[in-house]
Structures are given as C-alpha cells and as structure tokens.
Protein chains: 2
Amino acid sequence: MQTTQPIRIDINGIMQETVGPRGLTREDLTTLPIAAAFEGLKAKRGQMRWRELPHNQTEIVADLEATAADIRAKFENFVVLGIGGSALGPIAVHQALCHLRYNELPAAKRGGPRLYVEDNVDPERMAALLDVIDIEKTMFNVITKSGSTSETMSQLLIITDLLRKKLGEDISTHIIATTDAEKGNLIKIAGREGWKTFYVPDGVGGRFSELCPVGLLAAAVCGVDIRALLVGAAAMDARSQSENLFQNPACLLAAAQVASMRKGCNIHVLMPYADGLKYVSDWYAQLWAESLGKRYGNDGSEIYAGQTPVKALGVTDQHSQVQLYTEGPFDKVITFLGVDEYRTTTPIPAGYLDIPDVSFLCGHTQNELIAAEQAATQYAVGKSGHMYSVITLPVLSAHTLGQLLYMFEVMTAFAGELLQLNAFDQPGVEEGKNATYALLGKPGYDAMRAELAAAPAPNPAYII
Amino acid sequence: MQTTQPIRIDINGIMQETVGPRGLTREDLTTLPIAAAFEGLKAKRGQMRWRELPHNQTEIVADLEATAADIRAKFENFVVLGIGGSALGPIAVHQALCHLRYNELPAAKRGGPRLYVEDNVDPERMAALLDVIDIEKTMFNVITKSGSTSETMSQLLIITDLLRKKLGEDISTHIIATTDAEKGNLIKIAGREGWKTFYVPDGVGGRFSELCPVGLLAAAVCGVDIRALLVGAAAMDARSQSENLFQNPACLLAAAQVASMRKGCNIHVLMPYADGLKYVSDWYAQLWAESLGKRYGNDGSEIYAGQTPVKALGVTDQHSQVQLYTEGPFDKVITFLGVDEYRTTTPIPAGYLDIPDVSFLCGHTQNELIAAEQAATQYAVGKSGHMYSVITLPVLSAHTLGQLLYMFEVMTAFAGELLQLNAFDQPGVEEGKNATYALLGKPGYDAMRAELAAAPAPNPAYII
C-alpha cells in the first residue's frame, strides 16, 4: 500500500459543469481576493507558529518517543485530561491509526496502555472512568495551554487528590503536564510539584495544536509513528506553498467553501467513508467553526461570519441524512472523505443464492460495497443539484493523516484571509466563561453576578 | 430522585423578550396553521402506528423480557446488525441508561452481555469486531424491516458463514431476526432457518421504531427497564393530546422550530449537557432530517424543505462550537438538553488554594460546574441575540427517556403537518441505492448503469 502518496482533492462536484446552475463557476473562485489572501498567508507565516511544527521538533520528538516508551512499559492506562483543542486531535489520531477496538484488545495485542480522553465534566463520566481504571496503573496527561481551563483543572483536582491518597505527596510518577512554557497556573503547579512537562509553543492556539506535544504524546504512547505524521504534514506544507490556486489543495478547498458561502451555503458537511476517519470530523468542526465564526471583520465591521460544520459518517448517515442532503435546501456543501484502499479486506461470502436482493452481494467484498456506496451517494447528491467535493487518501496512514490535518489547518487560515477576519482568536467564548465564574462565586465577578441577577424572569407561559 | 416526573420545555430563549429582535413573537407562533396541524395529527393517528407502541405491546414485552433473560444468562456479547433507524435508537438508549463504560465493566457488574451495534460496512470495522468477540459466545440480532438493506444483509452473510463454520448448519441458537412480519427477504430466511423473530409493526417506519422490538430487545438485554420506557412514552402521549399549543410540549417545540425556519434558521443544534444523552442527538438527527428534508410538499409543489440537525455536546463543544453559536450568523436555534440531577455526585476536592484561578472550584462539585456552564452558555447565546430553547429531564431514567423520545417523535410529526409535507417517507434515498446496485452489478439496473457510464468525465483541472 502506498502509505506516503499524496492525498487528492476533487472539486468537480462543486462546479456548475457537474451539478448545474446552483454550483460554482470558475469565476466564482477566481474573483475572490486570492492574491491578497496568499499575501496575507505569507506575511503572517511568522505568527502562525503551528506552520513550523512539521519542521522544528526534532529534539521534542526524541523526548516524546522516550517518554512514550517508558509509559508503554509501565502503565495500563493513559488518560488525557483536556477539552477542545487538547482533546479532539488526540481522539482523531487515535481512532485513525490504532485498532478500531484498541482499548478492548488484550495488552499484548495493544502493545501500549489503553487510552482515555476525558473532555467533559459530567459527574457521571468521571465516576464511570474511575470504575474501570486502576489509577495506580495509570499515567495522566493534563493538557491546558492557559492553565486556567476550569473543566481541566476540576479534573486535575479530583485526580491529584485520589493519587495522593494512594501514593503520598509525590505523585510526579503519574502526571505529565502539557502547557505554556512560562505563563499560567499549570506550569507553576508542575514546577513546584516536579512534574514532567511538555510545552505548547507560543503562537500555537488550541485548535492548531495537534501536531505539537498536545497530540503527539498520546499518539506515541499508543504506538503511532509520530515522525511519519510530521513528515506527511511537511509534505502538505510544501504543496501549500504554491500560489497557483489550482495547484494548492488547501487553498482551493478554502476558496470553494468561501465561494459557496457567498452562494448561501452556510453549512459544511464533512462525511468520511471510514470509521477510522470519524473523529477527524469532530476535530475539523472545531477548527472551522471557531476560526471563522466571527462577529467582526479585520476592518472592525460587523460581519457575523461563519459556516456551520456538520459531522456525518458514510455509509451510516446515508440512512439518516442523505434524504435531507438530496431533497433539502441548497444550503450546504458536502465534503466526502474517502480512501482508495482500506487496511483490511472483508469478503462477503455466498449465501441465500435464491434471493436476488441478497445474492447480488455475494462474491463482492465490503470494500467494494462501501466504495460503491460512496460513489453512488456522490452521484445522487450531484444529480440533485447539491454541491460536493471529495478528498481521497490513498490509504489511511500516519503520513496521509499528517497531510490531511495540515491541509485542513492551512485551508482554515486561507479562508480567514479570504473572509478578512482573524481566524486565530475566539472572543465569543469569554461571555460564557465569565458567567460561569460568576455563578460559581469566583472573586472579581461581581459585575457579572449583578448582570445575571438583573436578567428578566422567564415568562411562565413559555415553560411547560 | 424523581424518576417519573414530567420533563419540561422552556422556549423563553426563542422569544424576542429574551433575545431581542431576531427572536420570535407570540404571533410568529400563533399565525402558523396550528389548528390544521392538530387536525392532521388527529386524522392520521390511525396510520401513525408508532403512536400506539406505548399502549399495545403487553405480550410482546413479556416475550422480549423472557428472551432477554435467556440471552443475559447465556451470552457474553449481543451484537446488533442494523443501520439507521435500526441502530441509532438502540445506541441512544444504551448510552442513556447503562453505565457509561458498560462494555468495559467485568461481567458481574454488567449483569448482561456486552453490546455492539454495527451500523457501518467499513471492512476494517467488521474485522475489528471479530478481533474482540468470540462468536460462539455471541447472540446476533439482525434488524431490517424490508429485509433488503444491503449493509445489513452483507453483515448477515459474513456472520452466518462464520457461525456455520463453528456450529454447523443450525445456527438458530445465535441469531434473532427483527423484521416485517410478512414481507421481505429476512422473514423468508428466518422462517426457513427456524430463527426466533420479532416484528416491526406495519406503519412503524425505521426512524420511528425505537419503542418497538427494534430498540426494546437490545435495551432489555442490557438490563434496561423497558416497561418504564413505555410508561414514560405513554405519559408524553397523554400530554400530546392537548390542542392548546402552549400546553403541548411536543407541538410547541415543533411550532417554535418551524417559525424559526421562516426567520431563516436552517440549522437546529441539539446540545445535551450529559454524556448519557449524547447519542439521543444522533437519533434525533435522523428523525428530524429524514422526516422534514423534502423536495415536494403535500400539494406537489417544489419546496426543498428541511432544517439541518447538528449534534453538539455540552460542555465539550463549548470549546469547539460556542464561538460560532454566539458570534456567527443568525441561522440556527440551539436546543439545550439538560437534567436537574445527575445520577452521581462528584465533589471537587481542595487543592492549590494559593492559585485563585483554580481554588474557586474547590468545594464545589462537578454537578455544580456543569450546571453553571449550561446556564452560562444559555445566557451568552441569548445575550448575543441567538435563539435557544431548553429541555430538562428531572433526572435521566427509563421513564424520562421514554417521554423524551416520544416527544421528539410527535414534534417531528407535528412539524410535518405545519410544513404540509409527508414526514414519513424518504424518496430521496432511492437514487443512491439504485446507483449502488448498478455499480455492484445487480440484475435489473442496466438503465442506471448506462446513466452512470454516460456521466461526463470530471475536469482534471479541478483535481489536485
């Protein structure tokens, strides 16, 4: 299998030639501010430190690999305490590159500890985790760049308390902190407790952090070839240098999406046809939503921009969403994400040969079935006049996944340039954070507490 | 805990009084064709056979419980082979009412077999399943109403072949079929093979089938109180009789969504604040999308209707989607789905008391934290002028879940009446099915094969 071949994109399904009048013309793409966007991307490369991650981590990778080898030898479980950008990347990479039922395999077949990524504060969930792991045989990796993420810090308080009850004051054998090298609470705590630390580099925001230690440690612990992941990302970085839109996969996809937004498509469905790629959609959903969902443009004008990402899974969601995708409004672009070859072949044996509705399947493989269904769904979506694009991995490998993740990151940055907004901040989450602090009585939030108290009472007529 | 209390809905967050000019007025609701929709719902009750499921299954429930008890005693694994409506309900109920890490618990703590719901044909997935189960210790429940679902039948061919190699020709001890009582291939196969069968009643479409044996068998096998589920659904049926819109939760929610669609909201986010409710969003996504995503209205006119469901999870997706929800376009309604009480309390212990950004959490519980975050996020969404509604379960139980599922079903049917379309068919999936048949060489699909062959070649300029 060609595990290091380039991934392909195909936007024919977005163009009028394929889908008719509701598709795009070449002019819809070329009349976007492409040259300015390429300029912006080049000018900001110095700030976009995530772009250098495939190139500048030689020593860090060696440290990660040594640390991972030690954890693989000593621990039954590896638990990530993190949320959002600290969780979605580790989940996506693990699902893509480890056995689909990795945690259920016997230890010898796994080769490394079970992986748990705890990205919620549901009290039932923490209790459920503690029902199935022995914390003395567990390494915890607490990840928060700022060190002030309430969800993660609440988990850390619970876990450190439990560990100290078992191990005494020094719990440094069971915790690794991944955070900013200088700023914030977590680095302060880790320093005085003597915990091993990895760093989230400056200029690498949460949703762009998968290819730094945030994502790489969990991947290495589970046996993923993290060097190949970075080499794949570097290959995509090289392809992303082209300023010919039609030779630059990340930027062409971005242009197609932005042009579709101008035609009223406020929804972007990412629909992998592989269980291994399922959680890439979740990771992408944060990247696309949080980067482009912005009230203000660079010039300070109100734009209320953003395209809502939707996660789907082929073929599963053909039986859930495709009715809507083919017969519903012309408000979405569907990106099919497929592979040329699966890593297993599963034949469909003969049986019930007298029943034609069943027997036509016999002698085929599930590989052929899923490939036919993807092609058929693309055809049906296009025939109904709805826009779609296709991304294809020759095979799912660390290298091709690295290409894919890096492509989505550059795509998002380029879309930010085309839309003339800041793709790297998230001012809209402050309001909710502050209200949470106020509700929990954190000092310094009296004004917000007063504001919440002053909110008009709900109308009982609208409560049943 | 009040496990049989009524669930509540609150649409204040949709109204202008709360969210300002982009919200709805009372007139936006009352000027919908409400009376006609109630008429339609009443007139079609005879056809909507899913509405009777809470009332007419006494004997079936007894059979299901006896069968489940037998399976619980004999098998290590219970595998559902099904997709779409045959899978999403079983997954949602299991996640809601069983331990959050059920499959990982030791057998004694589980009390029943592990559950696997196989709703895809990814060849890697079938191989992964077979790596972790011993099929001789596994009961398979193949579910397809029509008996011609290619995905499910391909799985059945693989599994029956393996079982026969282990057990000989008679594999009836290891398979239960859930299908139409008379029509289709599966009932034919089950009959001649002597398999135990349960039936999907006439007039109960896939996405409305969770409360018939499609969903109830897996639930009972995992120890869910299926009688309580049905009693809860019956309680919601009673509440759904009211023709006062403002006393009928299902219909008021439907009216609010349809009115929001008229104001340009083509997206409906369902965001549970409980890991247990996570997959209710997936189940709901099929129900809402497939029922209302329709090209033609009842009068034959082209309407291209449909509101795209989006799955989110609180608090996790606050760190992924809330930036978009508060600062992005006014194109969505967010329905928060919460609980008054979680089934566990998880205290946050003291620690790092000298760091105020952390120590304010100490002494609280994760229960308080997640509740504060839900309230804060609702506040932030409303303050930004975006519409939201709230559904609250007093506690997550079989009874309240039964209420919730039934409410969503009636809500969907009522929305279909308001939109004057057929909420119970899915004509848009035929095109893709036929193209799949053609691509796999099924006899009788020559015309489609010719159509596919005649499709214009893709333009290589749009492939990179």
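**Nonpolar cores and aromatic contacts**

The largest nonpolar core of this predicted model takes in 312 residues, and A:Leu404 and B:Leu404 have the most contacts inside it. A nonpolar core here is a set of buried Ala, Val, Leu, Ile, Met, Phe, Trp, Tyr and Cys residues joined through side-chain atoms within 4.5 Å; buried means under 20% relative accessible area, exposed over 50%, and partly exposed in between (1.4 Å probe, protein chains only). Helix H17 (residues 398-419) of chain A supplies the largest share of this core, at 13 residues; helices (H or I, at least four residues) and strands (E, at least two) are DSSP runs numbered from the N terminus. Leaving out residues up to four places away in sequence, A:Leu404 touches A:Ile7, A:Leu277, A:Val280, A:Leu337, A:Ile391 and A:Leu393, with contact taken as heavy atoms within 4.5 Å.

Now for the rings. Over all chains, the structure holds 28 aromatic pairs. Rings of Phe, Tyr and Trp (its six-membered ring) pair if their centres lie within 6.5 Å, and planes under 30 degrees apart count as stacked, over 60 as edge-to-face and the rest as tilted. One stacked pair is A:Trp50 with A:Phe208, at 4.7 Å centre to centre and 25 degrees between the planes. This pair links distant parts of the chain, 158 residues apart: A:Trp50 is in the loop between helix H3 (34-43) and helix H4 (58-74) of chain A, and A:Phe208 in the loop between strand E6 (196-199) and helix H10 (213-221). A:Trp50 counts as buried because its relative accessibility is 2%, and A:Phe208 is buried at 2% too.

In chain B, the ring centres of B:Phe38 and B:Phe414 are 4.8 Å apart with the planes at 50 degrees, so this pair is tilted. B:Phe38 sits in helix H3 (residues 34-43) of chain B and B:Phe414 in helix H17 (residues 398-418) of chain B, so the pair ties together parts 376 residues apart in sequence. B:Phe38 is buried at 4% relative accessible area, and B:Phe414 is buried at 0% relative accessibility.

A:Lys442 lies over the face of A:Tyr437, at 3.8 Å from the ring centre. B:Arg22 lies over the face of A:Tyr304, at 5.6 Å from the ring centre.

Residues are numbered from 1 along each chain as its sequence is written, and chains are lettered from A and ligands numbered from 1 in the order in which they are written. Local features need pLDDT of at least 70 and side-chain atom pairs count only at pLDDT 80 or more, while totals for chains, interfaces and linings use all residues; side-chain values use heavy atoms, with hydrogens and water left out.

Note on methods:
Lys NZ or Arg CZ within 6 Å of the ring centre and 35° of its normal.
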